[in-house]
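Student: I would like to learn how to read a protein model. Could we go through it one feature at a time?

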Amino acid sequence: MVEEELDETSHWIELIGESHIMRQELLQELYNENIELLKIIVASIVTIKKKSFQKPE
């Protein structure tokens, strides 16, 4: 769910930038932060999935 929300946020930030509602420079930091959060969440999901498939010791 968090991954989907961050992905949608990226989409909206891109749309705002392309529509020139706000200057791209103002959106860039927000977009970069969103992408970093998305990377963290995806890495966490991958780790959880790997651990869930491991056999208990």
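Student: Which residues of helix α1 are buried?

Tutor: Buried means under 20% relative accessible area, exposed means over 50%, and partly exposed lies in between (1.4 Å probe, protein chains only). In α1, the buried residues are Leu6, Ser10, Ile13 and Gly17. Looking down the axis of α1, you find these buried residues within an arc of 65°, so they line one face of the helix; the arc is that of the directions from the helix axis to the C-beta atoms. On the face turned away from the buried side, α1 carries the exposed residues Glu4 and Glu18.

Student: What should I know about the model itself?

Tutor: It is a predicted model, where local features need pLDDT of at least 70 and side-chain atom pairs count only at pLDDT 80 or more, while totals for chains, interfaces and linings use all residues. Residues are numbered from 1 along each chain as its sequence is written, and side-chain values use heavy atoms, with hydrogens and water left out.

Student: How many residues does α1 have, and what span does it reach?

Tutor: Helices are DSSP runs (H or I, at least four residues), numbered from the N terminus. The expected span is 1.5 Å times one less than the number of residues. Helix α1 covers residues 2-18, which is 17 residues, and reaches 24 Å from its first C-alpha to its last, close to the 24 Å expected.

Student: What covers the buried residues of α1?

Tutor: Here we look for contacts, meaning heavy atoms within 4.5 Å. The cover of those residues includes α2. Take Asn34, which sits in helix α2 and counts as buried at 6% relative accessibility. Leaving aside neighbours within four places in sequence, Asn34 is in contact with Leu6, Thr9, Ser10 and Ile13.

Student: And which contacts does Glu3 make?

Tutor: Glu3 belongs to helix α1 and counts as partly exposed, at 35% relative accessibility. Beyond its neighbours within four places in sequence, Glu3 is in contact with Leu38, Ile41, Val42 and Ile45. Glu3 and Ile45 are 42 residues apart in sequence, and their C-alpha atoms are 9.1 Å apart in space.

Student: What comes after α1?

Tutor: His20 follows α1 and is found in the loop between α1 and α2. Its phi is near 65°, a positive value in a residue other than glycine. With 69% relative accessibility, His20 counts as exposed.

Student: How many salt bridges does the structure hold?

Tutor: Side chains of opposite charge can pair when their charged atoms come close. A salt bridge is a side-chain nitrogen of Lys or Arg within 4 Å of a carboxyl oxygen of Asp or Glu. This structure holds 2 of them. One joins Glu25 and Arg23, with the closest N and O atoms 3.3 Å apart, and both Glu25 and Arg23 are exposed. Another joins the side chains of Lys39 and Glu36, at 3.6 Å from N to O. Lys39 and Glu36 are 3 residues apart in helix α2, so about one helical turn separates them. Glu36 is partly exposed, with a relative accessible area of 42%.

Student: Which residues make the nonpolar surface patch?

Tutor: For such a patch, we take residues with over 30% relative accessible area and no salt bridge, and join nonpolar side chains (Val, Leu, Ile, Met, Phe, Trp, Tyr) within 5 Å. Ile21, Met22 and Leu26 make a patch of about 310 Å², and Leu26 lies in helix α2, residues 24-53.

Conventions: Patch = residues over 30% accessible without salt bridge, like charges linked within 9 Å, V, L, I, M, F, W, Y side chains within 5 Å. Areas by Shrake-Rupley, 256 points an atom, 1.4 Å probe, with all protein chains shown as cover. Helix = DSSP H or I, 4+ residues; strand = E, 2+ residues; numbered from the N terminus.
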